[in-house]
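Subject: Structure for your files

Dear colleague,

Here is the structure I said I would send. My notes on it follow below.

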Amino acid sequence: MVIRVLIADDQEMVRAGFRAIIDSQPDMEVVADAPDGVVAVAEARRLKPDVCLFDIRMPRLDGLEATRTLLAGSNGSGPRVVVVTTFDTDEYVYGALRSGATGFLLKDSGPTLLIEAVRAAASGESLVSPSVTVRLLERLSEPVKDGPAAVRVLTERELDVVELVARGRTNAEIAGELFVSVSTVKTHLEAVRAKLSARNRVEIAAWAWEHGVVG
């Protein structure tokens with residue numbers, strides 16, 4: 001199946017560059033591009049792409065608000081959003097992922113990582129630029145006071161899965177480490193997502209760090 005992608009960035013050159021990279025892949029196509037967040041949300045609702053690439057700083061509606069607007073009430077059924085930006089700050093990373101974005105990528109990460117991020121998002125995985133991953137997970141939030149009590153909402157096996165998600169493992173890697181099938185991992189993640197009201201695995205990872213599941 002072809003992954004349908006929407007690009008939103010206020011710089012025409014950036015949009016053209018991303019379009020060239022994505023359209024060069026046999027399993028991807030750009031269905032639209034937008035110069036601001038308002039157009040991006042409207043086009044995403046009209047065309048229903050699989051993945052949206054949103055810049056953060058855009059006119060009228062920035063990428064964070066566009067992500068929140070697009071995904072509000074979607075209950076996980078909306079498009080996957082990957083925020084692609086020049087600005088590597090904790091505030092932006094935290095804001096993007098808390099808004100529901102599946103991934104966070106720096107514009108200087110290169111074509112290979114961009115393609116990997118699109119494929120990861122389309123398959124329900126997440127990709128965060130390696131340069132910010134560890135810092136993000138460690139600083140996403142201070143541990144919450146009710147950590148020990150909160151983790152009791154999950155079973156022991158669900159906690160095993162959540163810890164590995166927080167360490168950046170893919171579903172296949174989790175299956176290998178826990179000696180279960182990939183479908184079993186997906187079942188556990190669906191249960192976890194429902195219990196935590198998490199929209200994606202990035203929010204699950206954030207919850208794990210906040211509640212001391214990951215040491």
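Two strands are taken as paired if DSSP finds at least two bridges between them. The model is a predicted one, and the pairing described here is read from it.

β1 and β3 pair in the parallel sense, over 4 bridges, and in that pairing L6 stands opposite C52 of β3. On to β4: β3 and β4 also pair in the parallel sense, over 4 bridges, with C52 opposite V81.

β3 is covered on both faces. V51 and L53 are buried on one side, and C52 and F54 are buried on the other. In a regular strand, side chains alternate between the two faces of the sheet.

The largest nonpolar core has 28 residues, of which L6, F54, V81 and F104 touch the most other members. At least two residues of this core come from each of β1 (3-8), β2 (28-34), α2 (37-47), β3 (51-54), α3 (63-71), β4 (80-85), α4 (90-98) and β5 (103-106). Another core, of 22 residues, lies apart from it and includes A175, A198, W207 and V213.

Leaving out residues up to four places away in sequence, L6 touches V31, A32, A40, E43, A44, P49, V51, C52, L53 and F54.

One item elsewhere in the chain: helix α8 (residues 156-166) has E158, V161, V162, L164, V165 and A166 buried. Just after α8, G168 takes a positive phi of about 90 degrees.

Regards

Terms used: Residues numbered from 1 in each chain as written. Predicted model: local features only at pLDDT ≥ 70, side-chain atom pairs only at ≥ 80, totals over all residues. Heavy atoms only, no water. Core = buried A, V, L, I, M, F, W, Y, C linked by side-chain atoms within 4.5 Å. Buried < 20%, exposed > 50% of the residue type's maximum accessible area, 1.4 Å probe, protein only. Contact = heavy atoms within 4.5 Å.
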